[in-house]
Amino acid sequence: MTQQPGAGRSTARTRRLVGGQGETRPVQSRPVTTRLADIAAQAGVSEATVSRVLNGKPGVAATTRQSVLAALDVLGYERPVRLRQRSAGLVGLITPELENPIFPALAQVIGQALTRQGYTPVLATQTPGGSTEDELTEMLVDRGVAGIIFVSGLHADTSADMQRYDQLRAQGVPFVLVDGFSPKVQAPFISPDDRAAMALAVTHLVSLGHTNIGLALGPKRFVPVQRKVEGFVRTMQEQLGLSPADIEERLIQHSLYTLEGGQAAASALMDRDCTAVVCASDMMALGAIREARRRGLEVPKDISVVGFDDSPLIAFTDPPLTTIRKPVPAMGQAAVRTLLEEIGGTPAPHSEFVFMPELVVRGSTASAPGDRNRP
């Protein structure tokens with residue numbers, strides 16, 4: 001919904017006049033000047049430049065023109081009709097539920113990147129008891145989408161039938177798969193390096209003196225889960241000398257990617273005397289913190305918690321969450337770039353583009369209990 005820049009008849013009239021075509025000049029020009037000044041300040045250009053862009057005049061660099069249009073969008077003004085880009089087509093984006101804030105964040109990056117390229121994103125979300133991925137795919141294909149981006153879909157489920165993607169390709173619909181991998185699907189994949197993510201988390205906790213570190217994550221059948229387990233086991237083995245069998249039996253707990261799932265997994269790991277818990281999502285990490293408090297434990301004094309994703313607003317939890325930052329902007333832009341190459345007739349090879357995550361240290365991790373005086 002477009003933001004109204006003010007209230008009242010004169011303001012609405014002025015808003016139509018900014019950069020408009022063929023309208024009469026307003027009796028009171030101060031509101032128009034104010035709007036131009038706001039846009040100019042947001043874009044970092046002069047008011048004269050803003051005026052040239054809004055009136056479609058030549059002599060403005062493409063990057064400057066784009067900055068002015070972006071400023072219009074940020075400030076909530078409608079673009080003049082002449083500047084509205086004609087859609088190059090629809091692109092479907094299928095995501096899981098939106099309760100986990102990482103999915104809306106990724107959808108926003110992908111949607112903005114598509115819009116900048118002239119495409120119109122169509123968001124299709126799976127919900128419990130709602131439409132399945134196959135039903136959403138069929139709906140998008142029926143509407144003539146130019147391509148589809150799948151996020152954390154059935155391609156990440158090792159128990160799923162991958163023929164559905166062969167059938168989609170046979171229909172001539174380009175697609176890109178995010179967060180998951182299957183050697184059976186001939187398509188480009190975009191993923192974070194889940195193994196490296198676990199190495200970052202474990203190395204951080206070991207440096208703080210933790211030796212009994214647990215891993216809370218989702219069901220075993222998902223590729224990202226399997227990769228996190230591989231990275232966790234390997235790093236624990238290398239840094240603490242534990243056997244893979246001991247790690248998998250005692251320090252890994254599978255659950256659901258929800259707050260409640262994180263609480264349940266953390267409870268089991270705390271029962272095994274873990275002094276730190278690495279979680280496969282920020283939502284699970286919040287569940288782990290809730291379980292610690294239910295037991296009367298303090299985070300990070302009594303137990304450290306590490307999340308995964310660096311979801312929006314997660315830095316403002318209590319305590320601020322130490323987490324592994326998923327490279328969402330790079331992944332989203334790569335997904336769009338790869339899909340548009342597919343749409344343009346230069347398909348990417350059957351390959352996986354892997355992006356390195358980043359450890360973000362905040363307030364939910366500290367030295368292991370009993371190890372406070374260690375240098």
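The model is predicted, so local features need pLDDT of at least 70, side-chain atom pairs count only at pLDDT 80 or more, and totals for chains, interfaces and linings use all residues. Residues are numbered from 1 along each chain as its sequence is written, and side-chain values use heavy atoms, with hydrogens and water left out.

Start with the names. Helices (H or I, at least four residues) and strands (E, at least two) are DSSP runs, numbered from the N terminus. Strands of a sheet pair through backbone hydrogen bonds, either parallel or antiparallel. Here, two strands count as paired if DSSP finds at least two bridges between them.

Take the parallel sheet. It is open and has 6 strands, in the order S2-S1-S3-S4-S5-S11. Which strands stand at the edges? They are S2 (120-125) and S11 (352-355). Each has a single partner strand, so one side of each is left without a neighbour in the sheet. Neighbouring strands are turned by 20° against each other on average, direction ignored. Angles run from 0 to 180 degrees between N-to-C directions, and axes are lines fitted to C-alpha atoms, for helices over the stretch in contact.

Look inside this sheet. Strand S3 (residues 147-151) and strand S4 (residues 175-178) run parallel and are joined by 4 bridges. Isoleucine 148 stands opposite phenylalanine 175 of S4. Two helices pack on the sheet, where contact means heavy atoms within 4.5 Å. Helix H7 (residues 163-170) touches S3 and S4, and its direction makes about 150° with that of S4. Helix H13 (residues 328-343) touches S1 (90-95), S3, S4, S5 (189-192) and S11. The direction of H13 makes about 160° with that of S4.

Now turn to the mixed sheet. This open sheet also has 6 strands, in the order S7-S6-S8-S9-S10-S12. Strands S7 (252-254) and S12 (358-360) stand at its edges. Each of them has a single partner strand, so one side of each lacks a neighbour in the sheet. The twist averages 20° from one strand to the next.

Follow the pairs. Strand S6 (residues 213-217) and strand S8 (residues 276-279) pair in the parallel sense over 4 bridges. Isoleucine 213 stands opposite alanine 276 in S8. S9 and S10 also run parallel, joined by 4 bridges. There, phenylalanine 308 stands opposite isoleucine 324 of S10. Threonine 323 has valine 360 of S12 as its bridge partner.

Helix H9 belongs in this picture. H9 lies across S6, S7 and strand S9 (304-309), running at about 175° to S6. H9 (residues 223-240) also meets helix H8 (residues 194-207): their axes come within 7 Å and cross at roughly 40°. The crossing is right-handed, meaning the near helix is turned clockwise from the far one by less than a right angle. Among the residues making the contact are Met198 and Val202 of H8, and Phe232 and Met236 of H9. By class, this contact has 8 nonpolar, 4 polar and 6 charged residues. Ala, Val, Leu, Ile, Met, Phe, Trp, Tyr, Cys and Pro count as nonpolar; Asp, Glu, Lys and Arg as charged; the others, Gly among them, as polar.

Next, the largest pocket. On a 1 Å grid over the protein atoms alone, a pocket is an open set of points with protein on both sides within 12 Å along at least five of seven lines, found with a 1.4 Å probe; lining residues have an atom within 4 Å of a point. About 1100 Å³ of space lies in this pocket. That volume is the space filled by probe spheres set on the points, which are joined across faces, edges and corners. Which of the 37 lining residues are the closest to the centre? They are Pro96, Glu97, Phe103, Ser152 and Tyr257. H5 (102-116), H9, H11 (259-271) and S9 each supply at least two lining residues. The largest share, 3 residues, comes from H9. The lining has 16 nonpolar, 10 polar and 11 charged residues.

Finish with the backbone. Serine 152 sits in the loop between S3 and H7. Its phi is near 50°, a positive value in a residue other than glycine. A cis peptide bond joins valine 299 and proline 300, with omega about 10°. Proline 300 lies in the loop between H12 (282-294) and S9. Another cis peptide bond joins aspartate 318 and proline 319, with omega about -5°. Proline 319 lies in the loop between S9 and S10 (322-325).
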